[in-house]
Amino acid sequence: MTDLTKYRNIGIFAHVDAGKTTTTERILKLTGKIHKTGEVHDGAATTDFMEQERERGITIQSAATTCFWKDHRFNIIDTPGHVDFTIEVYRSLKVLDGGIGVFCGSGGVEPQSETNWRYANDSEVARVIYVNKLDRMGADFYRVVGQVKKILGARPIVMTLPIGIEEEFKGVIDLLNMKAWIWDNSGQPENYEIVEIPAEYKAKAEEYRAEMIETAVEQDDALMEAYLEGNEPSVEDLKRCIRKGTIKLDFFPTFCGSSFKNKGIQLVLDGVVDYLPNPTEVTPQPEVDLEGNETGAFAIVDPDKPLRALAFKIMDDRFGALTFIRLYSGKLAKGDTVLNTYTGKTERIGRIVEMHANDRIELDGAQAGDIVAVIGMKNVQTGHTLCDPKNPATLEPMVFPDPVISIAIAPKDKGSAEKLGIAIGKMVQEDPSFRVETDEDSGETIIKGMGELHLDIKVDILKRTHGIEVVVGKPQVAYRETITQRVADSYTHKKQSGGSGQFAKIDYTIEPLQPGEGFQFESKVVGGNVPREFWPAVEKGFKESKIRGVLAGFPCLDFKVSLTDGSFHAVDSSAIAYEIAARAAYRQSMPKAGPQLLEPIMKVDVFTPDDHVGDVIGDLNRRRGMIQGQESGATGVRIKGQVPLSEMFGYIGDLRTMTSGRGQFSMEFDHYSACPNNVAEAVIKEAKERAAKK
């Protein structure tokens, strides 16, 4: 039986270009998993194995790999940094026990770092911080530590200090043992020596060590009292306290180094072993029943308990569909039958493999705490729970955000139409934030995603991986509708022409709700004028109608329907009659309730060199943006604001032109807001023209 205390399920996450994938490569080299290090900028990184990843030098899919350090088994997931692929980070964090947050020594805490940090907080994942790229121009370890406190509201506990900076960076000071690690210039991670701390760093090291001890002993009252009386705790006691505080998320051990130059990684790996939790130390996953209510039971990490596993990623490759699963309890072996609680169907486990990026090692079985992939599962999707058929239970499912942008695509030739359907089906299974629908009137295939780059990559995958050329329409914004006024109204549905007829009369009010409150329904009928058994039919009629708003056919948000009165016929009234009445009532009353078009507003974070700040702000203002603040950094300025999505198409090209190719930006959906009249009129006119063509 494997010793679970020697397991670490960790993820590496950060902003684009902070060096996550390079850090993963260095870890694999140090742990003996690979012998030649691949570089991201050469397109040769082990975990970036998609063509699109190698070309663009970004990570798109999270890749899983396993390695060993000091008798501990690390299951590592390298996650993407780009905001359009945040979903990959979110679902990886869901199944991890700990993480390494990588920050760039010169860029510091960047927009995507904030989003990922927030997700990690939501998932209660313990983390160590690694400030990378200290060999770069403008790198400043102490500034980044300050940003972690200020921007992320987190509490770093500094474990190592840099020796030298930028081109002079040559090693780190280990504050726990008060020793200096100095590397030579060969670039080999094993070429270092451990020496006394250089005299000029002594005072700073003493200051930071005292701060570290004070933070650590807060976790143990007896040690704290002893420390206040002048007794310094032992290294073992300090490690125990830091581990306890890290797992409780009270603070985050902070390391520094340069992955590219192979300096400082060993101490980060030691930090993972010493401070991040093993699977048995993490809050167990709550179990829910089929309706989604918590049962009060938990999936305890124990190989002898009934099987509980969560499918967190589907990947299609040349060997068939791979389903990545995290086992929370129980065991899994080849030939086992498991129950998928979402579909209610059982599946037989064929091959189980341990993944090393896109290579695989066959396994006979797996147990609680493992992350493995299963080949050939038919109906399993991201977020589904696999469990023991004799002991069914569901783990808390994952919730994915709605897409904000869509484009129409069509195959270039008739022969590709069928291939397109199959390819898109596979892509939807792999990526829950990617949605597809067919426009019934025009027959167009509409693909929806989290941003322009997201859909761009999807079209690219269709072309290269599946060999399908498609014609791409222009991007469409996912507008919404709402109402602004309260309306009281009545509707009678009557159809009586021989035989049994249909009759339903409803009196109702429709009123606006606050943004984000969704759709609500309430019945205030007393005295049985509309019998209780017909209330759900009225609710269903309104609920299904709200998918099409009355202005431009976009879904309608944030309103409440109250059924106040009505009447029924003893013979002719039925649930279907009340549902039809509710649908007609929606069409009759919504135009009277001051309908309003809403547009998605994006949280935009732009980085620009100092000399282009005025141009960038002016351009964002022209795009109807609201500037909310700017922060100066070592290499430029970050401008934060909110801008309507419809104004942001093609922005990356304009930004690069304005900033001579040095600007960067990221954006994520923030909220829906009322459209200005001129924009609303244009959108409604376009919607009507589209409808007329059909």
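F519 stands opposite F559 in β34, and the strands concerned, β33 and β34 (residues 559–567), pair in the parallel sense over five bridges; two strands are taken to pair if DSSP finds at least two bridges between them. Helices (H or I, at least four residues) and strands (E, at least two) are DSSP runs, numbered from the N terminus. This is a predicted model, in which local features need pLDDT of at least 70 and side-chain atom pairs count only at pLDDT 80 or more, whereas totals for chains, interfaces and linings use all residues. Residues are numbered from 1 along each chain as its sequence is written, and side-chain values use heavy atoms, with hydrogens and water left out.

The open sheet that holds these strands has four of them in the order β31-β32-β34-β33, with mixed pairing. Its edge strands are β31 (487–495) and β33 (519–523), each of which pairs on one side only. Neighbouring strands of this sheet are turned by 25 degrees against each other on average, direction ignored. Helix α12 (residues 535–545) lies across β32 (502–512), β33 and β34, and runs at about 155 degrees to β33. Helix α13 (residues 575–589) also packs on the sheet, where it touches β31, β32 and β34, and its direction makes about 40 degrees with that of β32. Contact here means heavy atoms within 4.5 Å, while axes are lines fitted to C-alpha atoms, for helices over the stretch in contact, with angles from 0 to 180 degrees between N-to-C directions.

## Helix α10

The 15 residues of helix α10 (residues 416–430) should span 21 Å at 1.5 Å a residue, and the end C-alpha atoms are 21 Å apart, which agrees; the expected span is 1.5 Å times one less than the number of residues. In α10, S416, L420, A423, I424, M427 and E430 are buried, where buried means under 20% relative accessible area, exposed over 50%, and partly exposed in between (1.4 Å probe, protein chains only). Seen down the axis of α10, the buried residues fall within an arc of 110 degrees, so they line one face of the helix; the arc is that of the directions from the helix axis to the C-beta atoms. On the other side of α10, E418 and I422 are exposed.

## Q381 and its surroundings

Q381 lies in the loop between β22 (371–375) and β23 (385–387), and at 38% relative accessibility it counts as partly exposed. Leaving aside residues up to four places away in sequence, Q381 touches A311, I314 and Q429. Q381 and P432 are 51 residues apart in sequence and 8.6 Å apart in space, C-alpha to C-alpha.

## Positive phi and cysteines

Most residues other than glycine have a negative phi, and most peptide bonds are trans. K133, although not a glycine, has a positive phi of about 60 degrees; K133 is placed in the loop between β5 (126–132) and α5 (141–150) and, at 17% relative accessibility, counts as buried. M178, likewise not a glycine, has a positive phi of about 50 degrees; M178 lies in the loop between β8 (171–174) and β9 (179–183) and counts as buried at 17% relative accessibility.

The structure holds zero disulfides, a disulfide being a pair of cysteine sulfur atoms within 2.5 Å. C241 is buried, with a relative accessible area of 1%, and C387 is buried, with a relative accessible area of 0%.
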